[in-house]
Amino acid sequence: KEGPLRVGEGERILVPGVHGTPVKRRKAGDDDDGSAFHYDQVFGPESTQADVFQSVLNNSVSYVLEGFNATVLAYGQTGAGKTYNMFGPPGMEGVDDRECRGMIPRALDEIFDRIDKDKSGSSFEVKLSMVEIYLEELIDLLKPQSYQKLRLRESVFAGVWVEGLTHSTVPSSKAALELVLGGMANRTVGATNMNEASSRSHCIVSLRVERAMPDGVVQCGVLHFADLAGMERVDRTGAQGQTLEEAKRINLSLSALGNCIGALADPCRTHIPFRDAKLTFLLKNSLGGNAKTTLLVACSSRLRDVDETVTALRFGARARAVKNVVKVNQKLCAQELQRLLDKLQQEHRALQEYCLSLEQQLDCAKENSSPAGALVSGGGGGNASVSNSGGARKSLGEAGGGGVPAHSGARQLSNKGV
């Protein structure tokens, strides 16, 4: 009511009359009136699919080929364009359209193009998997008719994975695209008042790239594409029956995702509720673990969508405060492990020598700071202790064949008196 939503200068979206990103989460120099939401990049209506890919995913492809994990999450209200950004227009015509192709087809082309141009002598293996979360059940989109029940598993070293999920080796981007299109055909969609082809489930496409280097080191990077089902209001979508049940499960899982993001952004929180939903548990590594994660928020500038748009913008601004710690996933060869062992042993010897020199310096300092006299503690006929310049203590009563312990009535004598 106070004005249209607009893209501001830099990485900002201004929504008049709405409290935007808190001051503590803004970049230095931001001096708006408080109604702006701040992000790392904002794409206006004139932006193309190529612009989004170059800014969002081009670096992620490089990270995966270097052994890092990367994740792209598409979040927003139903009908805002999440699936279009990820996959492009539906069907083969979307794959052939060079301008409208989504991020997944472009990423596949980029990965295999870089593999073909690699001159390091490394060998690569690319595996693809697709899993759907429908009504809180896991479905293998590459083998939807399989009777094997998929389960989420977790370990300290491997993180979270889906037990029983199909991982197909793909030799080229064309073969990978055929699998992706086949998986999308198996995905659950439905018509609502807001979207004729509304995704009724969350879909996660995973690319696992293993690189065996000439020296025997094996690096493994995983690139996840999470096309989340859109948040929706039942009074607007007109959902009934099965569609209504789907909407309930979708909103519950997205609410769990928001709770996890809020907990991760709060430095005072110690518990993160990843296990509240299968979506958050499956994305545990991506949300707060070992992954370079990008959140793509798809929102509408229409006035009738203002509530959903503001909710999505706040979610994105909150997620921007989450920090992940990433590392290279690699298996070292025997020669590399031996080299690391030799290096650690060398550092250990250097530390031992350093500790020995410190002990010697400490002994010298004690000798130089010792008083000329000695301390004798004694009582009425009891034992007494003598402290000489060397720091050793002797019992005066030992030579006489025993005695009683010294009490608090000790007195100090000079060397001459001793």
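Where does the largest share of the lining of the largest cavity come from? I checked, and H8 supplies that share, with four residues. I'm working with a predicted model here, so I keep that in mind.

**Entry 1: the cavity.** I searched the whole structure and got one cavity of 30 Å³ or more. The volume of the largest cavity is about 60 Å³. Helix H8 (242–265) and strand S5 (123–134) each give at least two residues to its lining. I jotted down some of the lining residues, including Tyr-134, Arg-200, His-202 and Glu-246. Sorted by class, the lining has four charged, four nonpolar and three polar residues.

**Entry 2: the ring pairs.** Next I looked for aromatic pairs and the count was two. Is Phe-68 buried or exposed? Phe-68 counts as buried because its relative accessibility is 16%, under the 20% cut-off. Tyr-63 is partly exposed at 27%.

I then turned to Tyr-75 and Phe-315. Their ring centres are 4.0 Å apart and the planes sit at 15 degrees, so this pair is stacked. It links distant parts of the chain: Tyr-75 belongs to strand S4 (residues 70–76) and Phe-315 to helix H11 (residues 306–319), 240 residues apart. Both Tyr-75 and Phe-315 are buried.

**Entry 3: a charge over the rings.** Lys-292 has its charged end over the ring of Tyr-63, 4.3 Å from the centre. That charged end of Lys-292 also sits over the ring of Phe-68, at 5.3 Å from its centre.

How values were computed:
Residues are numbered from 1 along each chain as its sequence is written. This is a predicted model: local features need pLDDT of at least 70, side-chain atom pairs count only at pLDDT 80 or more; totals for chains, interfaces and linings use all residues. Side-chain values use heavy atoms; hydrogens and water are left out. Rings of Phe, Tyr and Trp (its six-membered ring) pair if their centres lie within 6.5 Å; planes under 30 degrees apart count as stacked, over 60 as edge-to-face and the rest as tilted. Buried means under 20% relative accessible area, exposed over 50%, partly exposed in between (1.4 Å probe, protein chains only). A charge sits over a ring if NZ of Lys or CZ of Arg is within 6 Å of the ring centre and within 35 degrees of the ring normal. On a 1 Å grid over the protein atoms alone, a cavity is a set of points where a 1.4 Å probe fits but cannot get out, and a pocket is an open set with protein on both sides within 12 Å along at least five of seven lines; lining residues have an atom within 4 Å of a point. Grid points are joined across faces, edges and corners, and a volume is the space filled by probe spheres set on the points. Ala, Val, Leu, Ile, Met, Phe, Trp, Tyr, Cys and Pro count as nonpolar, Asp, Glu, Lys and Arg as charged, and the others, Gly among them, as polar.
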